[in-house]
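Subject: Structure handover

Hello,

Please have it open while you read the notes below it.

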Amino acid sequence: MTHHETMNQSDEILARSTEFVPTALDRFREENCGSVVDWRIAMKRAIRSSDELRSILGLSGDGLTSEESELSGIAGGSEKAFDCSVTAEKAFPTFVPLEYLSRIRPGDPSDPLLRQVLPDPREDVEAQGFVPDPVGDLRVMPAPAILHKYQGRALVVTTGACGVHCRYCFRREFPYSEASAGGQSLEPTLAYLGQHREVEEVLLSGGDPLTLVDRNLDTMVQAISQFEHVKRLRVHTRMPIVIPQRVTAELIEIFTRSPLAVWFVVHVNHPSELDAHVLERLAMLIDAGIPVLNQAVLLKGVNDNVETLQQLCGLLVSHRIQPYYLHQLDRVRGAAHFEVPVEKGLEIMRELRKRLPGYAMPEYVIEESGEASKTPIVSTAKS
Ligand code: SF4
């Protein structure tokens with residue numbers, strides 16, 4: 001079973017007038033305005049079909065601009081585009097929580113948040129160099145649910161479930177049901193960590209570790225905290241961004257009770273992902289003494305321009321969140337249409353450096369299979 005099987009457009013922005021309010025979205029806002037449901041209910045209510053997503057947002061077509069259709073050889077709105085979208089969705093199902101959906105502009109097929117979550121016919125186009133396991137995860141699994149790639153750090157694949165399905169995810173084909181800690185006994189995973197005294201830092205990743213219920217997460221954190229040689233726990237999660245109510249006082253207590261130094265790394269690619277509710281819940285973590293870092297992926301049509309990244313990094317540091325990495329896209333099968341050329345990435349970084357204070361600058365990196373660390377992408381050229 002692959003990644004998330006475990007859980008069950010035009011180049012013009014559609015003309016929007018004051019009268020154009022899709023009924024379904026209207027209804028959704030009415031029903032949800034001001035009410036915050038438990039995060040588990042939010043997971044259950046997430047949209048799991050691209051047709052429903054389009055209908056709620058008042059979209060017709062498949063989201064391809066005419067330029068994109070031409071480049072991919074798939075005519076936008078054609079039968080072939082439809083078939084390719086269906087295949088893409090079967091391979092990696094749609095999963096979009098309503099809390100995230102409410103931040104997408106209705107009627108806009110180019111919305112940067114929509115592009116991250118709507119299955120795209122181009123996912124079905126073969127592209128050279130785009131493979132199922134681009135970072136070589138499966139070659140560095142010495143024990144069940146453990147990825148041990150870098151010195152002193154080991155990553156625990158806690159679960160295959162996520163709070164959203166990002167179409168460019170480098171683990172979209174990861175065999176979670178065989179290789180995650182959530183579905184089986186924790187013992188072999190813990191035994192490995194106990195035997196490897198060089199491991200000073202444990203990363204909880206997935207999937208998304210915060211899709212585990214508090215009780216299971218608590219058991220895992222407590223068990224890892226018992227190892228004297230482990231000093232730090234890093235939690236990689238997108239849940240506070242997509243379903244912010246996952247961050248509760250009880251959740252925070254699980255981490256503050258641990259003697260380990262706990263760091264959170266969230267994943268935000270565009271400033272529109274940070275609404276007031278998300279910022280409020282991230283502040284709860286920071287106020288509790290948990291540092292929060294952000295990693296973003298450089299994505300074509302989402303954040304591949306200086307203004308967007310300047311706004312994103314500015315917003316992050318204004319809310320005490322440190323921009324950590326800007327990742328060059330991992331070349332996973334189905335995500336080629338998101339790739340931004342490295343030269344363009346470097347140009348954006350050069351310009352960003354002029355506009356932001358040093359501490360607000362993320363490091364532009366690429367993950368290369370078999371390397372001992374992430375590789376910084378730097379240019380010696382003068383701007
Ligand atoms: S939340 Fe992270 S792991 Fe889950 S689909 Fe998105 S990028 Fe992949």
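The model is predicted: local features were kept only at pLDDT of at least 70 and side-chain atom pairs only at pLDDT 80 or more, while totals for chains, interfaces and linings use all residues. Residues are numbered from 1 along each chain as its sequence is written.

The chain has 15 helices and nine strands; helices (H or I, at least four residues) and strands (E, at least two) are DSSP runs, numbered from the N terminus. Of the 383 residues, 42% are buried. Burial is counted on C-beta atoms placed from the backbone: 20 or more others within 10 Å is buried, 12 or fewer is exposed, and anything in between is partly exposed.

Helix H9 (residues 187–195) has Thr189, Leu190 and Leu193 buried. These residues lie on the same side of H9 because they cover an arc of only 95 degrees around the axis, the arc being that of the directions from the helix axis to the C-beta atoms. The face turned away from the buried side carries the exposed Glu187 and Gln195. Among the elements covering the buried residues are strands S1 (146–147), S2 (153–157) and S3 (201–205) and helix H10 (214–225); contact here means C-beta atoms, placed from the backbone, within 7 Å.

In S2, four of the five residues are buried. S2 pairs with S1 in the antiparallel sense over two bridges and with S3 in the parallel sense over five bridges; pairing requires at least two DSSP bridges between the strands. Val156 in S2 stands opposite Ile146 and has Leu204 as its bridge partner in S3. The hairpin of S1 and S2 has five residues between the strands, and Gly152 in its turn has a positive phi of about 80 degrees.

The ligand is surrounded by Cys162, Val164, His165, Cys166, Cys169, Arg171, Gly206, Gly207, Asp208, Arg238 and His267, where near means a C-beta atom, placed from the backbone, within 6 Å. The peptide bond from Gly206 to Gly207 is cis, with omega near 10 degrees. Gly207 sits in the loop between S3 and H10.

Ala145, in the loop between helix H7 (112–117) and S1, has a positive phi of about 65 degrees. Arg320 also has a positive phi of about 65 degrees, and is found in the loop between helix H14 (306–318) and strand S7 (322–327). Ala145 is buried, with 25 other C-beta atoms within 10 Å, whereas Arg320 is partly exposed, with 14.

Regards

Methods: Contact = placed C-beta atoms within 7 Å.
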